[in-house]
Amino acid sequence: MKHHTLLFRLAAAILFGIAVGGGAAALGLAEHTAFVWLARAAATFTALFSSFLNFIIPLLIFSFIAVGLADLRGTAGRMAGVTLALAYVSTILAGAAAYAAGMAVLPHFVGTLAAPDTSQTAYEAFFTIEFPPLLGVMSALVLAFVLGIGMAALPGRSLFGAVSDLRDIVAKVLDRIVIPLIPFHVAGIFLTIAAQGRLLSVLQTFAAAFVLILVLQIAFLLLEYGAASLICRKNQFKTLKNALAPYLTALGTQSSAATIPVSLTCAYENGISRDVADFCIPLCATIHLIGDTIALVTGTLALLLAGGQEAAFGAFLPFILMLGVTMIAAPGVPGGGVMSALGLITSMFGFDAHLQQLIIALHLAQDSFGTAANVTGDQALAMIVDRLEQAAARRREKGR
């Protein structure tokens with residue numbers, strides 16, 4: 001049902017927070033004792049939730065990426081290399097395109113994020129509890145690579161089973177605790193923002209970034225299908241009709257992994273050989289996440305510009321390159337993209353708790369469309385891999 005979707009609940013939470021916080025500010029009740037207690041209770045929840053997120057994110061990055069790398073065991077070497085290279089290059093190009101378009105458009109439209117007025121009630125949390133993460137983000141990423149590659153090379157599967165169980169536990173925590181609580185988290189954020197008179201600048205930044213994200217996702221899909229048409233030497237835009245089914249499925253599931261069965265059927269209908277489709281579609285659902293990359297780069301850039309901070313390409317390039325890796329942790333659950341990248345954003349750009357909350361809200365608002373862009377782009381990559389495999393097979397035949 002539509003009213004059970006994360007997007008609907010997130011929208012309702014934002015509207016609720018704006019209505020309560022904005023109403024209190026308009027009626028002069030922002031410093032009334034009852035409202036202050038409500039706002040402080042909301043601040044307590046958001047502080048505890050943020051601490052828990054900081055604890056769970058390194059575990060997510062480690063377990064998801066390690067298992068994803070280990071799952072490459074036994075795959076066809078050449079096809080795996082081609083698919084991995086294409087997916088990574090596509091992801092990097094999507095991030096670079098998002099940065100270029102964002103720098104050209106966003107400075108003209110984003111608002112200036114107003115800092116909280118120190119003369120107003122600060123709405124401090126009643127108490128906070130720190131949950132120090134077991135690993136830092138970069139330590140989790142390096143450990144995931146070491147163990148993931150090692151598990152793919154070793155014959156035993158006992159360590160793989162343990163890490164896979166950890167991944168399943170983290171996925172359930174995200175699915176049953178983190179994701180359901182995010183609307184309450186976002187409601188508390190916007191309640192405070194509206195009560196402190198900072199709503200207009202935040203909404204202006206959100207609107208500019210949201211529209212640009214959707215436009216860029218569609219534009220990049222057209223570029224990918226254009227590249228597939230050139231490489232395959234036929235018009236692949238006709239296949240977009242069949243790709244509508246996985247696109248609409250992804251809008252509902254908000255999960256690239258959950259859309260794999262529909263994506264496979266689409267690939268077969270588009271004439272992609274079964275061997276290539278059965279290999280590329282599941283793999284690309286894990287590593288080719290252009291929609292999430294565009295959203296994360298654009299959203300991060302918008303918040304930096306709105307905060308008056310530097311946004312040089314030299315600072316964004318390492319971020320984009322790392323996103324191509326950390327996105328491996330994203331496809332298992334709705335909202336996985338921003339959860340897996342949040343530690344990276346924080347460590348590279350110094351986002352405080354307030355900005356972390358805003359990037360989560362912005363990313364989740366477009367998550368359905370980002371996932372849909374991911375799975376639609378997978379079809380274009382599978383077509384290219386299929387064409388390259390056919391050409392390689394013809395060369396082998398001639399060499400005999």
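Predicted model: local features only at pLDDT ≥ 70, side-chain atom pairs only at ≥ 80, totals over all residues.

Biologist: Which side chain does Asp168 meet in a salt bridge?

Modeller: Side chains of opposite charge can pair when their charged atoms come close. The structure holds one salt bridge. Its N to O distance is 3.3 Å, and the partner of Asp168 is Arg167.

Biologist: And how does Arg167 count, buried, exposed or partly exposed?

Modeller: Its relative accessibility is 23%. The cut-off for buried is under 20% and for exposed over 50%, so at 23% Arg167 counts as partly exposed.

Biologist: On to the helices: how is helix 5 oriented to helix 13?

Modeller: Two packed helices are described by the angle between their axes and the distance between the axes. Here helix 5 (residues 158-195) and helix 13 (residues 353-365) have axes that come within 10 Å and cross at roughly 120°. That angle makes helix 5, relative to helix 13, oblique.

Biologist: What kinds of residues make the contact of helix 5 with helix 13?

Modeller: From helix 5, residues including Ile182, Val186 and Phe190 take part, and they meet a set in helix 13 that includes His354, Leu358 and Leu364. Sorted by type, the residues of this contact are nine nonpolar, three polar and no charged.

Biologist: What is the handedness of the crossing where helix 10 passes helix 13?

Modeller: Helix 10 (residues 290-306) packs on helix 13 at an angle of about 140°, and the axes are 10 Å apart. That makes the pair oblique. For helix 5 and helix 13 the crossing is left-handed, whereas for helix 10 and helix 13 it is right-handed.

Biologist: Last one: is Thr91 buried or exposed?

Modeller: Thr91 sits in helix 3 (residues 77-105). Leaving aside neighbours within four places in sequence, Thr91 is in contact with Ile287, His288, Leu289, Ile290, Thr293 and Gly324. Its relative accessible area is 1%, and under 20% means buried, so Thr91 is buried.

Key. Residues numbered from 1 in each chain as written. Heavy atoms only, no water. Axes fitted to C-alpha atoms, helices over the stretch in contact; angles between N-to-C directions. Helix = DSSP H or I, 4+ residues; strand = E, 2+ residues; numbered from the N terminus. Parallel < 35°, antiparallel > 145°, perpendicular 65-115°, else oblique. Left-handed = near helix turned anticlockwise from the far one by under 90°. Contact = heavy atoms within 4.5 Å. Nonpolar A, V, L, I, M, F, W, Y, C, P; charged D, E, K, R; others polar. Salt bridge = Lys/Arg side-chain N within 4 Å of Asp/Glu carboxyl O. Buried < 20%, exposed > 50% of the residue type's maximum accessible area, 1.4 Å probe, protein only.
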